[in-house]
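The exercises that follow are meant to be worked with the sequence and the coordinates open side by side. Each one sets a task and is followed by a solution that goes step by step.

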Amino acid sequence: MTARHAWIGDIVVRRQLSAVEQLITHAAGLGGDCPPFHEQLLAPESKRLRPALVLLAARFGSSSAESPLLAAAAGIELLHEATLYHDDIVDEAEQRRSRRSVQKACGPVTAALAGGELLFATAELFAELPAAVRHKIGRAGDRLCHGQLRELEMLGDLSCTMRQRLRVMRDKTATLFTLSAHIGTALGQVEPVAAAQLVRFGKRFGLSFQLADDLLDLSGPSRQLGRPPGSDLRDGVYTLPILHALRRSSPAARQLRADLAHLHQAPQASLIARARTLVRQAGGLEWGHALLTRWLDMARAEIPPETTINAGARASLLQLVDRLRTTALDRLPHPTARATSLRLAAHDGSVA
Amino acid sequence: MTDPSLDVLVIGAGPAGSAAAYHARRAGLRVHIVDAKPFPRAKTCGDALTPRALAAIARMDVHDLPGHRVRGVVVRHEAAMHYEDFGMHQWPRYGLVVSRTRMDVALLRRACEVGASFEVGYAQKLCLNGDRIIGALIDTENGTRQVRARHVVVATGSGLARRLLGPAAASTPAVWGIAGRTYVSVQGDAGDDLETYLPLMSDNRLLSGYGWVFPNGPHSVNIGVGVFRTRAATALSLRTLVERFIRERASVDRRFADVTVSAPIESSAIAVGPVIAPRPGFLPAGDLAGLANPFTGEGIAAALESGELAAQAIVAAPDDATDHYRAALSDRLPRHFRLRPALSAMHERPALLLRRGADLVTSDEGTVACSLQQLMWDHEPRPCDRGYAPEIDRIVALARADIIAASYRMRPLFGQLASYLMMLPAVGFGWYAAFAGAVRAGTGRSGEPLDHDTRSLLAALELINLVSALHRDLPVRERSRGSRVWGRQTLSLMIADTLTADALKRLYKLEPAVAARVAAAARGALRHQAATRSSAASSAPQDARAETDLFLLAAHVGTGLPFAEALPNFVHTIAARLGVMRRDGVVANASDLTALQETLSQAPDTLGQALAGVLSVIMQTPVAVGTHADAAAAMAAESSSIHRDMRR
């Protein structure tokens with residue numbers, strides 16, 4: 001049992017995660033040494049959140065068939081990692097979790113091929129799953145592509161709306177968490193009401209995960225990020241807190257709008273730093289902070305009620321939510337006491 | 001009061017309409033043309049004809065149009081440049097800048113010379129009989145009457161003509177480019193190249209569009225600006241843009257030093273996207289059918305060709321003209337689709353590339369960029385898999401169509417690119433499908449319908465190859481400004497990922513054992529490529545054999561036998577040879593060829609012939625079925641690598 005799984009209260013899931021780890025290791029090396037282009041797969045810093053969610057969700061059901069579950073959990077993680085290999089090429093990212101990214105270490109061509117390989121490896125792992133689950137996995141793949149494409153297409157577009165950004169967050173990030181819950185509940189034979197709740201938990205948690213990441217990019221110190229701070233501002237990815245700041249009518253907001261237009265054409269470190277400050281001054285962080293709190297509360301609310309079999313899994317899901325809250329929020333400047341009237345109803349992520 | 005029965009009523013006497021009328025008339029049909037305006041009449045346009053357009057005009061037997069010859073197109077994007085040399089295009093290998101006033105009247109006159117009738121009339125609406133269009137209501141100075149015809153070709157331009165089309169009009173608005181232009185006299189020589197300039201800026205905002213300078217005489221040019229109507233461009237003043245463009249040119253280009261604007265700035269709109277679909281009795285041509293090039297807005301060549309194809313379809317299949325027309329458009333204009341037109345989506349993407357994909361419009365480095373250039377310049381489709389026997393070609397064509405359709409659903413631009421991608425020799429599209437087709441043909445199964453799963457599996461195999469080819473040829477990162485850009489590398493990755501997602505969906509629908517085997521082979525093939533490029537890794541034997549396995553899977557599909565059943569040795573040998581060719585990118589040498597021919601002789605006659613045919617196309621060299629007399633020579637020359645591959 002590795003330290004990365006220590007937060008999981010359910011001992012069955014902890015054991016299962018070790019088995020999943022072995023499947024991942026095997027996928028990397030296929031019986032031989034792990035090639036340099038897959039070293040990232042085995043990095044101990046990976047939190048394995050998605051496989052954990054697959055396994056935890058299954059714990060809410062009655063099935064004990066483990067082998068397909070473990071394969072599916074490993075598959076989800078490979079799918080996730082494959083998207084990271086390719087994302088890092090697009091972003092020209094040199095670091096991933098404080099190590100060299102695959103594209104930096106092995107070159108973009110190898111990273112592209114290795115990512116492609118992982119994607120087909122997931123098909124091997126998913127091959128034996130029930131048809132309905134496989135169908136969902138296929139559609140999730142489409143959504144991942146859509147999300148990434150849309151985000152790229154919206155770069156630098158100051159007229160993009162919160163709704164559009166939400167859709168990207170849902171497609172690009174929430175998809176894998178939702179899918180993890182789907183797979184876990186299907187294989188675990190969780191009864192329909194609880195299964196639906198867990199899937200909604202996955203979606204809510206996934207959106208929160210992305211929002212936390214977005215907030216961190218705006219305010220976190222660089223060593224925590226593993227990439228230069230303010231990357232979103234520089235690249236023209238207008239996340240929810242930025243969009244909120246832009247809609248204000250304050251001088252900070254106006255200055256921000258002007259700065260962002262320049263930034264996207266000619267990025268400069270000083271402009272980025274100033275833009276970050278402006279987002280804060282225009283209330284973007286505070287609003288984002290409140291939104292994240294609300295979303296995490298909604299996620300918590302979706303965790304099915306306690307029964308005899310799911311106590312450990314329940315506790316683990318609660319831990320998951322709390323850990324995200326801690327990572328994201330405790331390092332942010334404290335929100336002001338002033339209660340901001342938030343039009344959260346419009347942004348509770350209920351985009352179709 | 002109705003006219004005596006007409007074969008073709010052509011509504012709109014621009015290039016598309018005149019072409020349709022001319023060709024229909026030459027085939028002996030009775031043709032009547034109406035246009036709301038008397039001719040000659042002016043048209044706001046760039047006035048530039050590509051070689052492809054000139055070839056189409058020549059097929060109307062119109063020669064020596066008065067205009068200014070141009071040798072090619074210079075595309076300038078900031079510091080980067082691309083020269084599109086018309087000398088490398090089709091005959092007549094030059095372009096022409098000619099006023100639309102002159103050109104359009106010359107084409108209409110030609111149609112009338114061969115016997116089409118023309119009248120000035122406004123087509124109010126189409127007349128229906130059930131589902132079929134049977135004519136139109138025409139307003140003339142002599143009153144309104146119904147003109148009936150067996151076929152109606154509508155070529156009324158970008159205006160969408162909702163009133164006219166009624167139920168046939170698209171329910172979503174067309175997607176627009178807007179263009180403004182004027183004529184100026186220049187100092188010195190106007191030049192003999194078409195020139196386009198990117199990017200276009202407006203208030204610090206990057207627009208999707210370009211400025212152009214098209215010389216229309218020794219000392220004068222047509223100068224203008226075309227912009228795709230995106231959110232950013234709605235509040236534009238075209239006039240301001242054109243004036244600013246002229247000033248900008250004046251500041252760096254001596255020709256414009258003392259510019260005299262000879263004419264007012266005029267503007268017009270161009271629809272760039274599939275707008276109207278054909279229906280029984282009704283064939284839309286030209287800009288109305290959304291055939292303008294999504295990058296350049298150029299629509300004359302496509303208009304002329306569509307008119308010609310419409311006429312040919314009417315002649316060849318009077319009862320089925322619209323389906324023939326649709327298929328013909330697909331063949332000649334691979335970038336034209338009638339699948340669920342997602343209009344604004346279609347439009348935004350080329351616009352996006354013009355706005356931010358600097359190197360894409362000026363580079364042809366790498367598979368994707370090369371395809372994009374072919375798409376932009378409307379190169380004639382030239383599939384590299386010509387020469388297959390018809391029943392085999394059919395299988396390959398099905399795989400191609402499936403892939404285009406799937407890519408198009410993700411992004412119309414991707415579908416368009418896919419069709420050119422699959423034509424590149426380096427990609428080697430169709431080998432799996434052809435191999436399967438040959439086995440099918442050779443075992444007498446060509447008559448059997450191709451079931452859905454088989455078709456899907458073959459498409460999946462071809463997708464795997466496309467993905468591998470794209471990743472292997474991932475272009476070098478373009479000049480990075482420290483932020484994410486839409487360049488060759490990004491586009492290549494995005495298309496590859498889209499194709500991968502489609503392949504995976506297909507696999508998920510297959511029987512698990514088969515899916516697992518295909519997935520394992522695909523990952524092995526990709527892993528092999530990654531390993532051989534990674535200095536520290538070496539490729540495992542099972543990965544080196546993966547390509548062979550993909551061919552074996554194709555062969556299995558061809559036999560229709562269960563996948564667990566063993567295939568004859570000679571099939572393994574050929575699959576191995578193809579696998580090595582694909583994996584290492586090598587073509588067979590003379591001794592390999594001899595060995596192959598000997599192997600083929602081990603096959604039953606029909607199968608051997610079918611396989612030999614396919615191998616000839618793949619290897620681009622004649623492959624015949626060998627005789628047993630060649631066996632000795634073959635044994636001596638046989639590549640030992642084939643044996644190594646087969647050893648498990």
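Strands, as the word is used here, are DSSP runs of E with at least two residues, numbered from the N terminus. The model is a predicted one.

**Exercise 1.** Find the strand in which B:Thr140 has its place, and decide whether this residue is buried or exposed.

Solution. Step one is to locate the residue, and B:Thr140 falls in strand β10 of chain B. Step two is to compare its relative accessibility with the cut-off for burial, which is under 20%; since B:Thr140 has a value of 15%, it counts as buried. Step three is to list its contacts beyond four places in sequence, which are B:Glu119, B:Val120, B:Gly121 and B:Arg145.

**Exercise 2.** Describe how strand β10 of chain B is joined to strand β9 of chain B.

Solution. Begin with the direction: β9(B), residues 122-129, and β10(B), residues 132-140, run antiparallel and are joined by seven bridges. Next, take one bridge as an example, in which B:Cys127 is partnered by B:Gly135 of β10(B). Finally, inspect the turn of this hairpin, where two residues lie between the strands and B:Gly130 adopts a positive phi near 70°.

**Exercise 3.** Determine how helix α2 of chain A is oriented relative to helix α8 of chain A.

Solution. Start from the axes of α2(A), residues 49-58, and α8(A), residues 192-219, which come within 11 Å and cross at roughly 160°. Because angles over 145 degrees count as roughly antiparallel, α2(A) is roughly antiparallel to α8(A). The contact is made by A:Leu49, A:Arg50, A:Leu53 and A:Ala57 of α2(A), together with A:Leu198, A:Phe201, A:Gly202 and A:Phe209 of α8(A).

Key:
Residues numbered from 1 in each chain as written. Chains lettered and ligands numbered in written order. Predicted model: local features only at pLDDT ≥ 70, side-chain atom pairs only at ≥ 80, totals over all residues. Heavy atoms only, no water. Pairing = 2+ DSSP bridges. Helix = DSSP H or I, 4+ residues; strand = E, 2+ residues; numbered from the N terminus. Buried < 20%, exposed > 50% of the residue type's maximum accessible area, 1.4 Å probe, protein only. Contact = heavy atoms within 4.5 Å. Axes fitted to C-alpha atoms, helices over the stretch in contact; angles between N-to-C directions. Parallel < 35°, antiparallel > 145°, perpendicular 65-115°, else oblique.
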